[in-house]
Amino acid sequence: MDVIISALIEANKLLNKKDYYKALDCFECVLNINPTNNLAIIGKTICIHYLKSFDNSSLINIYEEKLNVNLKLAELYECGKYDETINECNKILKKDKNNFNALAIKFSAQFELTKYTEALKTCDKLLELEPNNLVIIYAKATTLYKLNIYNEAIECYDKILKVTDNFNVLFFKSASLLILNKYEEALKYCNYALELEPENCDANGLKQLIKYKIAQK
């Protein structure tokens with residue numbers, strides 16, 4: 001999610017400079033990663049408004065205000081002001097408990113502060129709103145991994161792998177299986193990861209460790 005936040009901040013800077021074409025490109029990049037990102041959808045709408053002159057200016061003003069409020073959160077997060085970020089998110093969530101972007105940024109701040117139990121609760125709220133969002137499912141898996149809840153992390157990895165192969169997902173599923181002493185299965189998923197990135201040092205090191213564990217059985 002850090003990539004999305006950085007892209008949104010850059011898009012907002014371009015928007016303020018009235019460089020609508022480049023801003024539109026940034027918002028499109030975010031939507032390629034997460035097609036349901038509300039901020040990117042709003043930002044794209046604003047860019048198109050200025051590029052094509054939509055008639056509904058009052059609606060655009062509402063969109064701009066909402067975009068600026070949420071991007072303020074993103075900028076606080078980007079500056080490393082995580083406690084302040086969480087406080088500002090909570091103010092928005094008191095008025096709108098289902099504000100997806102405030103929840104997403106709150107989760108990221110909690111994660112950076114290593115408040116993994118709290119981050120997991122926030123992640124579950126995000127999944128109530130968007131249960132099939134792969135970015136959020138991966139965020140939950142990462143949080144569960146940090147909390148040493150490996151079986152549930154694997155369940156999240158499996159949901160992603162039903163849709164797409166991803167090196168990080170395969171790598172951390174393999175690592176989780178290794179920790180659970182499921183060495184043969186861990187080796188299988190490590191090999192899948194290496195098919196995607198054969199020269200990856202971490203994956204090759206993980207494979208050697210798994211083979212060593214198998215040999216010690």
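Two helices count as roughly antiparallel when the angle between their N-to-C directions is over 145 degrees. In this predicted model, helix 11 (residues 183–196) and helix 12 (residues 201–216) pack at an angle of about 160°. Helix 11 and helix 12 are therefore roughly antiparallel to each other. Their axes lie 10 Å apart, and helix 11 passes helix 12 in a left-handed crossing.

The contact between these helices can be followed residue by residue. On the side of helix 11 the residues include Tyr183, Leu187, Cys190 and Leu194. They belong to a group that meets residues of helix 12, among them Ala203, Leu206, Ile210 and Ile214. Glu184 of helix 11 also takes part, as do Lys207, Lys211 and Lys213 of helix 12. Sorted by kind, the residues of the contact of helix 11 with helix 12 are nine nonpolar, two polar and four charged.

The aromatic rings are another feature to look for. The model has seven aromatic pairs. In one of them, Phe107 and Phe111, the ring centres are 5.9 Å apart and the planes stand at 40°, so the pair is tilted. Both residues lie in helix 6 (residues 100–112), four residues apart, which is about one turn of the helix. Phe107 is buried, with a relative accessible area of 4%.

Phe171 and Phe172 form an edge-to-face pair, with 5.1 Å from centre to centre and 85° between the planes. Phe171 is buried because its relative accessible area, 14%, is under 20%, whereas Phe172 is partly exposed at 26%. Together with Tyr145, Tyr150 and Phe167, these two residues form one aromatic cluster.

Technical notes. Residues numbered from 1 in each chain as written. Predicted model: local features only at pLDDT ≥ 70, side-chain atom pairs only at ≥ 80, totals over all residues. Heavy atoms only, no water. Axes fitted to C-alpha atoms, helices over the stretch in contact; angles between N-to-C directions. Helix = DSSP H or I, 4+ residues; strand = E, 2+ residues; numbered from the N terminus. Parallel < 35°, antiparallel > 145°, perpendicular 65-115°, else oblique. Left-handed = near helix turned anticlockwise from the far one by under 90°. Contact = heavy atoms within 4.5 Å. Nonpolar A, V, L, I, M, F, W, Y, C, P; charged D, E, K, R; others polar. Phe/Tyr/Trp six-rings, centres within 6.5 Å; stacked < 30°, edge-to-face > 60°. Buried < 20%, exposed > 50% of the residue type's maximum accessible area, 1.4 Å probe, protein only.
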